[in-house]
Amino acid sequence: GRRSCSVEIRLFGGQVTSWKNDHGEELLFVSSKAIKPPKPFRGGIPICFPQFGTQGNLEQHGFARNRLWAIDDNPPPLPVNPAIKAFVDLILKPSEDDLKMWPHRFRVSLENCSWCWWRFESHVSNQEYQH
Ligand SMILES: O=P(O)(O)OC[C@H]1O[C@@H](O)[C@H](O)[C@@H](O)[C@@H]1O
């Protein structure tokens, strides 16, 4: 039968690590090196937060790609679209240890787009005043 597109998303780093088209062809680069925790996964679509590269005092590209994200149990509602057969929204919030390193409450999410399920959007919000 006809294959369908697929994506693979890891809770570690909140990273899209595979995206195959409907011929089963991989569309994302993944390195064979440093692909296991505790090293960040190299390849796919990394979320660099809260800094890019060495432009800050934190680890390279920030700590978000080195944390276990959570599945958002209460995602923003999607419009009814029969083309969407699967979706997932991931979120990352700082731990108390993270706050010692980088004292800013935040929420980062990686959300499926409503009109095209393999399209992802990342959103960052300041949670300082929302306890
Ligand atoms: O090796 P990392 O930490 O996964 O980062 C990937 C690359 O990120 C780039 O921004 C750096 O310029 C490279 O030096 C680095 O190799």
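## Asn66 and its contacts

Asn66 sits in the loop that links β2 and β3. The model is predicted. The Asn66 side chain makes a polar contact with the side chain of Glu59, at 3.1 Å.

Leaving aside residues up to four places away in sequence, Asn66 touches Phe12, Gly13, Pro38, Lys39, Pro40 and Glu59.

## Ser31

Ser31 is also placed in the loop between β2 (15-20) and β3 (70-71). Is Ser31 buried or exposed? Its relative accessible area is 10%, so Ser31 is buried, the cut-off being under 20%.

## The ligand shell

Which residues surround the ligand? They are Arg42, Phe52, Gln60, His61 and Arg65. By class, this shell holds one nonpolar residue, two polar residues and two charged residues.

For Arg65 the distance is 2.6 Å. For His61 it is 2.8 Å. For Gln60 it is 3.1 Å. On its own, the ligand has 380 Å² of accessible area, and the protein covers 48% of that.

Terms used:
Residues numbered from 1 in each chain as written. Predicted model: local features only at pLDDT ≥ 70, side-chain atom pairs only at ≥ 80, totals over all residues. Heavy atoms only, no water. Helix = DSSP H or I, 4+ residues; strand = E, 2+ residues; numbered from the N terminus. Buried < 20%, exposed > 50% of the residue type's maximum accessible area, 1.4 Å probe, protein only. Near = heavy atom within 4 Å. Polar contact = N/O pair within 3.5 Å; in protein donor to acceptor, adjacent residues only side chain to side chain. Areas by Shrake-Rupley, 256 points an atom, 1.4 Å probe, with all protein chains shown as cover. Nonpolar A, V, L, I, M, F, W, Y, C, P; charged D, E, K, R; others polar. Contact = heavy atoms within 4.5 Å.
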